[in-house]
Amino acid sequence: MTHTVLVTGVSRHIGARVSNMLAADPDIDRVIGVDTVPPPSLTRDGGVSLGRTEFVRVDLRSPDIAQVIAAADIDTVVHMSLVSAPSRGGGRAAMKEHNIIGTMQLLGACQRSATVRRVVVRSTTAVYGSSPRDPAVFTEDLEPHDGPSHGYAKDACEVEGYVRGFARRRPDVTVSLLRFANFMGPGVDSPLTRYFTQPVLPTVLGFDPRLQFVHEDDAVEVLRRMATEDHPGTFNVAGAGVLLLSQCVRRAGRLSMPLFSPAFEALGNAARRLGLVEYSPEQLKLMCYGRAVETSRLEAELGWKPKFSTGAAFEDFLRSRGLHPLGGVPS
């Protein structure tokens, strides 16, 4: 039985939706949402309603998170607070500190807690990296040939290491680690969704990578189930099928601009400095080699499949942005 849930990262879209859904569950007594800034729903900017979620402004890097967990007798923690791109003000160093130090503080507080019985952590399929030597699909047990060495993906690898350490130290706690493909949907604002809304999409000459997406509705449902049921282990989460980047470009009605890899990288560095679109080193590799994961473990564990395929998730995103093919049927 889940009584009191703590959700981190509620100022961002998916975290707010998860918090709202859990707060609507009559079997859950309290939902406490924490973040370093107030959710948009509590400001003039609007946003996803948090329902009866109680918001507490806490920086996960501080010891205050332990006080929140202890004071509220938290039994379930849903960690959604990993940042995938640096903010304009903080930069990469602040992003890494938030992801790594924040997770360490949170898990340390969970380890000391006598009430925490379930921990759910959002990770990413980016931990597999992207390389020409990759398998056709990654299962949860496969080790990447070239693991991430930069940015968000590297942070996620370190976070997963701390999560596994926590699970060993607290075998009485159910730990669920979810590796999500790129979120896609009407409310998602990410480096990849911003990429697809540009008038012209730079691509890497000679490459047409396979991409996988998970619709935000399916992501929220998986997180709800993990927060209210015991499903220990590591699980890939993605919509069925893949899309080639060229298919995505055509479906979005955009023009592509093939560039040699060094030019693509130089353009990405310039865009990043100007705060336009985040072309990280990981995204450059993704735009060359792509990535696909196997999701049968999740489907067998939950007895459930995502409602949206990768293609359907992308189509829903395009509809929300008013994007469509330039005269013709999507391929």
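Start at strand β6. Thr174, Ser176, Leu178 and Phe180 point one way from β6, while Val175, Leu177 and Arg179 point the other way, and all are buried. The model is predicted. Select residues 174-180 to see the whole strand: seven of its seven residues are buried.

Strand β5, residues 118-124, runs parallel to β6 and is joined to it by seven bridges. Look for valine 119, which stands opposite valine 175 in β6. Next, show strand β11, residues 233-237. β11 pairs with β6 in the parallel sense, over five bridges. Here leucine 177 stands opposite threonine 234 in β11.

Turn to the aromatic rings. The model has eight aromatic pairs. Select phenylalanine 180 and phenylalanine 183: their rings form a tilted pair, 5.2 Å centre to centre, with 50° between the planes. Phenylalanine 180 has a relative accessible area of 2%, so it is buried. Phenylalanine 183 is buried too, at 11%.

Move to phenylalanine 196 and phenylalanine 213. Their ring centres are 6.4 Å apart and their planes stand at 85°, so this pair is edge-to-face. Which parts of the chain does the pair link? Phenylalanine 196 sits in helix α5, residues 191-196, and phenylalanine 213 in strand β10, residues 213-215; the two are 17 residues apart. Both phenylalanine 196 and phenylalanine 213 are buried.

Select residues 310-320. How many residues of α11 are buried? Eight of its eleven are, and the helix is mostly covered.

Finish on the surface. Select Val200, Leu255, Met257, Leu267 and Leu326. Together they form a nonpolar patch with about 440 Å² of accessible area. Pick out leucine 267, which lies in helix α8, residues 261-273. Is leucine 267 buried or partly exposed? Its relative accessible area is 33%, so leucine 267 is partly exposed.

Note on methods:
Residues numbered from 1 in each chain as written. Predicted model: local features only at pLDDT ≥ 70, side-chain atom pairs only at ≥ 80, totals over all residues. Heavy atoms only, no water. Phe/Tyr/Trp six-rings, centres within 6.5 Å; stacked < 30°, edge-to-face > 60°. Buried < 20%, exposed > 50% of the residue type's maximum accessible area, 1.4 Å probe, protein only. Helix = DSSP H or I, 4+ residues; strand = E, 2+ residues; numbered from the N terminus. Patch = residues over 30% accessible without salt bridge, like charges linked within 9 Å, V, L, I, M, F, W, Y side chains within 5 Å. Areas by Shrake-Rupley, 256 points an atom, 1.4 Å probe, with all protein chains shown as cover. Salt bridge = Lys/Arg side-chain N within 4 Å of Asp/Glu carboxyl O. Pairing = 2+ DSSP bridges.
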